[in-house]
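Please read this briefing with the sequence and the structure side by side.

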Amino acid sequence: MAVSEELQALVAQLPDADGRGMYTENIDKDAIEATIAAMFEGGVPFVRGLVEMLDEPGTAENLKPHYALHCLANHTLVIQDEPARANLAGVLCEKLADPELAVHNKEYLCQTLQWVGRRESCAALGRCLHDEDLVEAAAMALVAIRQGAADTLRTTLPELQGKCRMHAVYALAVLADPQAVSHLRDALQDEDREVRIAGGLGLAQLAAPDTAEALLAAAEQATGWERIQLSHDCFLLAENLAAAGESAAAVTIYQHLWETRDDEPHLREAAEKALAASR
Amino acid sequence: MKSQAWDISRRQFLGTAAAGVATATIVPRNVLGRGQTPPSEEFGGALIGCGGRGRGTFRSMGDGIRMLAQCDVRFLDRADNKTIYTDYRRVLERKDVDVVAIATPPGWHALMSVAAMAAGKDVMCEKPMTRFISEGRAVAEAEKRYGRIFQICTFGRFGGNRRLRKIFESGLLDRCDTVRILRGGVKVKQWSGRVVFDVRPVPDNLDWEMYCGPAPLRPYHPHRFGGSHRGYWDYEGGGLADMANHHLDRPAYEYGRDMTAPVEVIPHAPIAHPEACGMWGWCEMKYADGFTLVLDSGEWGPAYDRLEQRNTSEGDILKMLSEEDREKLDEMPDPEPLVRFAEAIRTRKQAGGNAEVTQRVATIYHLANVAFRCNRPLRFDPDTERIVGDDEADRLVNQPMRAPWVL
């Protein structure tokens, strides 16, 4: 679809880069905001038009539509226009499925959804989890959106392999989704070290008392970096359990760490200190 | 424009740090639970991030630290995983490394600091400590949990007015109508990012994937690397994030602003670019007790003129207390002198520029940057360390990381 001349004229009003390729000279706040407000009046067709104007990263051709799309997304938040925000997010989600749009531009749409998307964007981002080129940006957007993201990740996870699966497990771990306990417990036994570490983090965040044994065992078997991370997760789990009123479970973890970490005196001391504090 | 706040140089600090080493109490390290070597002996040290400030950051730890390992993502062509590394995780696995100097771009600082302390290392971290607010809480919690020493590599507070600090620490001052304005010195234009750039091949010796780390894996261009990384939200936060810890460390100590955080933030800036840091004018930040802090870049737009600086001296602030409270203040002990890193790692006393106070200092400039990026006033809760009533702005307080990097 051709981009309207009116939109092109508005985009052209945005600042050019200065001699260093930066936005540091002749940056007129009022003029930029007036231009963005005028673009906002163009509604969905202008959002679609801006996406179609995106070009190769770093090029002068990409600069203004790239900046405009971000400004416009933010503008809907500044003026707190929820229907406009949802419409803008809807266009970005629709464009994520456009086979003609370049991957780097789809990454940018994910990044913009990380900024402005809400629950309604999760399904479209979830479809990007299957794509090795988009999974990173999509997973980060889902983590930022939070609301509805865990459902999407959990539903999609069984279909994912390799890199895509790793990113989804991390996102579930960060979101501390209570319904993901079994996925995270499985992750703790995964062949991939990074997935095992994600499983440990997720279980620590979730603070389910019946996961302590598995996490302690995994930490004890691990070596090197993985041992550092999973031991750290044991402390996080104990702290989260204590905060949730499960003091006895927390003490059991500290006691175990105190008894088993002779060669890691800093962990033994930390466990000892925590035990003293919990008495 | 010269900063009003920064009046202790790194050189001055190192001189006094060395004196701190000489007078440190000699206590065997096994008594302190850290092995068998007495503290008068050498510590094993590692430097992570060897360009730019790296060597200086390592030296800031003081004498008696032997460099055992150097780690940098540019060392792909020379890494032997014995003394030269590209992957900091291998360095942290080493049991003979006691202290770590971290001088990578700041997008890595919190991840590395937390992991280093979880691995039993003490940390000297180049400023800024973090890239966003939630990271700082994780660093402060790790410092406390593992009983490690953390010091930010800026030392303005060590020259701070302890009598002024005492007033704010005393709890006697409920309201404070001070307005403190910090003008200039934040290199806004210098540390901006490129919005137009040529994508280039990644140099053979550079692990670009590791360099980007928790940030999105962007196309490589040299301006994102080697000092000018400061101009990108992915790695830092412009001149403000780079310089403000210097300027704020001392006033934050003196006015007790490292015990809490602003509650209202009013920005004045053009709409920020989504990836490249750029220009801003000023930011007015109010605290719950009435204290107002203003950062005025002096590099864009008209100078800040909403309020005049007022009531900033020790005498001005003493006048805010009743006669009775002044007498109570006199009876209270003065704040303890701040402990320097070299002394702290030997005595296990908390360092003066520890993670908890640094988190509060960093929160000031991170909040300003969030407000600039969102182009709207914000309200912040110092207890939860979250933005109130603006979910999208709050996403910049706790930003997602690219897996497998996570706090």
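Chain B is divided into domain 1 (10–157) and domain 2 (163–191 + 235–342 + 354–394); such bounds come from an automatic or database domain assignment. The model is predicted: local features need pLDDT of at least 70 and side-chain atom pairs count only at pLDDT 80 or more, while totals for chains, interfaces and linings use all residues. Residues are numbered from 1 along each chain as its sequence is written, and chains are lettered from A and ligands numbered from 1 in the order in which they are written.

**The two domains of chain B**

- The centres of domain 1 and domain 2 of chain B, taken over C-alpha atoms, are separated by 27 Å.
- Domain 1 of chain B puts 30 residues into the contact and domain 2 of chain B puts in 23 residues; two residues are in contact if their C-beta atoms, placed from the backbone, lie within 7 Å.
- On the side of domain 1 of chain B that touches domain 2 of chain B, at least two residues each come from α1 (10–22), α5 (133–146) and β6 of chain B.
- Helices (H or I, at least four residues) and strands (E, at least two) are DSSP runs, numbered from the N terminus.
- α5(B) gives the most to that side of domain 1 of chain B, with seven residues.
- By class, that side of domain 1 of chain B has 15 nonpolar, 10 polar and five charged residues.
- Ala, Val, Leu, Ile, Met, Phe, Trp, Tyr, Cys and Pro count as nonpolar, Asp, Glu, Lys and Arg as charged, and the others, Gly among them, as polar.

**Overall form of chain B**

- Chain B has 13 helices and 12 strands.
- The radius of gyration of chain B is 21 Å, which agrees with the value near 22 Å that a compact globule of 407 residues would have; the radius is taken over C-alpha atoms, and the globule rule is 2.2 Å times the number of residues to the power 0.38.
- Along the principal axes, the C-alpha atoms of chain B fill a box of roughly 65 × 55 × 35 Å.
- Of the 407 residues of chain B, 55% count as buried, that is, with 20 or more other C-beta atoms within 10 Å of their own, the C-beta atoms being placed from the backbone.
- Of the contacts in chain B with a separation of 6 or more, 70% are between residues 24 or more positions apart.

**The parallel sheet**

- An open sheet of six strands in chain B has the order β3-β2-β1-β4-β5-β6, with parallel pairing; two strands pair if DSSP finds at least two bridges between them.
- Its edge strands are β3 (84–85) and β6 (150–152) of chain B, each of which pairs on one side only.
- β5 (residues 122–125) of chain B is joined to β6(B) by three bridges, and B:M124 has B:Q151 as its bridge partner in β6(B).

**The mixed sheet**

- Another open sheet of six strands in chain B has the order β7-β10-β9-β8-β11-β12, with mixed pairing.
- β7 (179–183) and β12 (386–387) of chain B are its edge strands, and each pairs on one side only.
- Five bridges link β8 (residues 264–268) and β9 (residues 282–286) of chain B, which run antiparallel; B:P267 stands opposite B:C283 in β9(B).

**Contact between chains A and B**

- Chain A contributes 49 residues to the contact and chain B contributes 44 residues.
- α4(A) gives the most to the side of chain A that touches chain B, with eight residues.
- That side of chain A divides into 30 nonpolar, 12 polar and seven charged residues.

Key
A residue is buried if 20 or more other C-beta atoms lie within 10 Å of its own, exposed if 12 or fewer, and partly exposed in between; C-beta atoms are placed from the backbone.
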